[in-house]
Structure formats: C-alpha cells, structure tokens
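Dear colleague,

Please find below the sequence and structure that I am handing over to you.

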Amino acid sequence: MKLFVDTGRVEEVRKAAEWGILDGVTTNPSLIAQAGRGFKETVLEICSILPHGSISAEVVGTTVEDILREGREIASWSPNIVVKVPMTPAGIAATRQLTREGIRVNMTLVFSPTQALLAAKAGATYISVFVGRVDDVSSEGMRTIEDAVQLVANYGFDSEVLVASIRHPMHVVEAARLGAHIATMPFKVFEQLFQHPLTDIGLKRFLDDWNKAGLRIFE
Ligand code: G3P
C-alpha cells in the first residue's frame, strides 16, 4: 500500500518525509487555502521535498477547456505532479485528453462505484474515493472502496484506488484489508499509525531493565 499525506502545509510534508515511508502528497484547493501561501510556490516546495514522490495538485476550472488549460500548466511545473480533476462529465472528457498527452490524472471527489468506473474508463492514474465524507452522512464509505477495488481488478484497469477523506487509522486498516492501492491521510492520522500504548510500555520496560543491569553496547 502506498501512503500519502493529505495536506497543503509544507512543514507537515517535511516531517512525514523524514520517516522514509512517504510515497506522495495530495492537496486540494481547501488545503492550499488553509496553508495560506501561493498555490504554485506551495506545490513546487512539496515537489522539492519529495522529488521521487507523487504530488497531486488540483485544477479549479469546471469546463473541458479550462481543465485542459490548467492541467497542462500545473503538469508543466514538475515531472512528479499528478493533476487532480473533479469527477464531472467535463472532468472525464478532459481526463481522456490529458492522459492521451501523457499527463497523469488523479480523479477526485469520487463517491460511488459508477463514478469510479467512469474514472477508470477515462484512464485516471488515481481514483480518489472520499470515504470519510460518505461516513459523515451515515453511509458506508468503505463499500465504495470495496467496489472500486473490485471493478479495477475485474477489468484490469491501470487505475489505482486512492482512499481519501480518511478520518482515523481504522480507515487505513480497512482500506488495506480491501487491497486499496493508496491511502492519503491528514498528518495527524499518519502520526497515529505509529502509536500504541503497549509499545511505549514495552520500550520503557526494556530500557529500565537494561539500565538497572548496568549494561552497555559500546564497551
Ligand atoms: O484531499 C482529498 C480528501 O482527502 C479531502 O477529504 O473530507 O478530509 O476534506 P476531507
């Protein structure tokens, strides 16, 4: 499973990159706005922090023409950029053309199996299924993940299912159980993946016993 951090804050990307297991970053217009800096400068700094990672940056155009124009511009900023395009009829048409031009697309705001199917048909590199927002309206977001993973496998689509809108570590666990390709999550959730109280207790006990015995590694 590839692990991405979902943020527009470069300091969070820098910290997560230090762990050595970060495969990419997803941004969206709201995350960029919350970070309070310019779009291009933010994306380029993230690309420089993770030069071999996959960095998703989103268009804001809603017509085929605007999505194409913005997508080509954003893609030109760095080779590791994947252009985020919304799951709309114009987004699908633009995705077909962008992929024909060799520009990778992350189709975003996907909430249903039919939307996932259309995104795969359009050649999207990633299909961002928003699990948390479906849960937020008392439905089972993970079922859409399950359907998306299944349809991609059934027909051998090249697309990867990217689990987005993750709210807690159990979303990551369930996504992994279903064989989803990528999980993108807030930095806070990423930090939670490391944590378990029994690890803390066990490490303390090891160190206390070692120190009590007056042992050393370097003689
Ligand atoms: O960035 C895409 C997605 O992960 C955002 O979802 O629900 O956390 O705004 P949400």
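The notes below begin with the chain as a whole and then turn to individual helices and residues.

**Overall picture**

Please bear in mind that this is a predicted model. The protein chain contains eleven helices and eight strands. Its C-alpha trace spans about 70 × 35 × 30 Å along the principal axes. Of the 219 residues in the chain, 46% are buried. Among contacts with a separation of 6 or more, 57% are between residues 24 or more positions apart.

**Helices α1 and α3**

Helix α1 comprises residues 10-18 and helix α3 residues 39-49; their axes come within 10 Å and cross at roughly 10 degrees. Because angles under 35 degrees count as roughly parallel, α1 and α3 are described as roughly parallel to each other. On the α1 side the contact is made by Val10, Val13, Arg14 and Ala17, and on the α3 side by Thr42, Glu45, Ile46 and Ile49. Sorted by class, the residues of this contact are five nonpolar, one polar and two charged.

Two of the residues in this contact, Arg14 and Glu45, also belong to a network of salt bridges that links Arg14, Arg37, Glu41 and Glu45.

**Salt bridges**

The count for the model comes to twelve salt bridges.

- Asp66 and Arg69 meet through their side chains, with an N to O distance of 3.0 Å. Both residues lie in helix α4 (residues 64-75), three residues apart, which is about one turn of the helix. Asp66 is partly exposed at 23% relative accessibility, whereas Arg69 is exposed at 52%.
- Glu140 forms a salt bridge with Arg143, and their closest N and O atoms are 3.4 Å apart. Glu140 is exposed, with a relative accessible area of 54%, while Arg143 is partly exposed at 33%.
- Lys212 pairs with Asp209 in a salt bridge, the closest N and O atoms being 4.0 Å apart. Helix α11 (residues 197-212) holds both Lys212 and Asp209, three residues apart, or about one turn of the helix. Lys212 is exposed, with a relative accessible area of 69%, and Asp209 is partly exposed at 42%.

**A buried lysine without a partner**

Lys84 is found in strand β4, which covers residues 81-86. Which side chain of opposite charge is nearest to Lys84? It is that of Glu58, at 4.2 Å. A salt bridge requires a side-chain nitrogen of Lys or Arg within 4 Å of a carboxyl oxygen of Asp or Glu, so Lys84, although buried, has no salt bridge. Leaving out residues up to four places away in sequence, Lys84 touches Thr26, Thr27, Asn28, Ser56, Ala57, Glu58, Val59, Asn106, Thr108 and Ser128. Glu58 is thus listed among the residues that Lys84 touches, even though the two do not form a salt bridge.

**A buried loop residue**

Ile103 is placed in the loop between α5 (89-100) and β5 (105-110). Is Ile103 buried or exposed? Ile103 has a relative accessible area of 13%, so it counts as buried. Apart from neighbours within four places in sequence, its contacts are with Gly71, Arg72, Ala75, Val83 and Leu98. Ile46, which takes part in the contact between α1 and α3, is 57 residues from Ile103 along the chain, and the C-alpha atoms of the two are separated by 19 Å.

Leu109 has a positive phi of about 60 degrees and lies in strand β5. Its relative accessible area of 31% makes Leu109 partly exposed.

Ser165 likewise has a positive phi of about 60 degrees without being a glycine. Ser165 is found in the loop between β7 (160-164) and α9 (169-177). With a relative accessible area of 8%, Ser165 is buried.

With kind regards

Definitions and conventions: Residues are numbered from 1 along each chain as its sequence is written. This is a predicted model: local features need pLDDT of at least 70, side-chain atom pairs count only at pLDDT 80 or more; totals for chains, interfaces and linings use all residues. Side-chain values use heavy atoms; hydrogens and water are left out. Helices (H or I, at least four residues) and strands (E, at least two) are DSSP runs, numbered from the N terminus. Buried means under 20% relative accessible area, exposed over 50%, partly exposed in between (1.4 Å probe, protein chains only). Lys and Arg count as positive and Asp and Glu as negative; His and the chain ends are not counted. Contact means heavy atoms within 4.5 Å. Axes are lines fitted to C-alpha atoms, for helices over the stretch in contact, and angles run from 0 to 180 degrees between N-to-C directions. Angles under 35 degrees count as roughly parallel, over 145 as roughly antiparallel, 65 to 115 as roughly perpendicular and the rest as oblique. Ala, Val, Leu, Ile, Met, Phe, Trp, Tyr, Cys and Pro count as nonpolar, Asp, Glu, Lys and Arg as charged, and the others, Gly among them, as polar.
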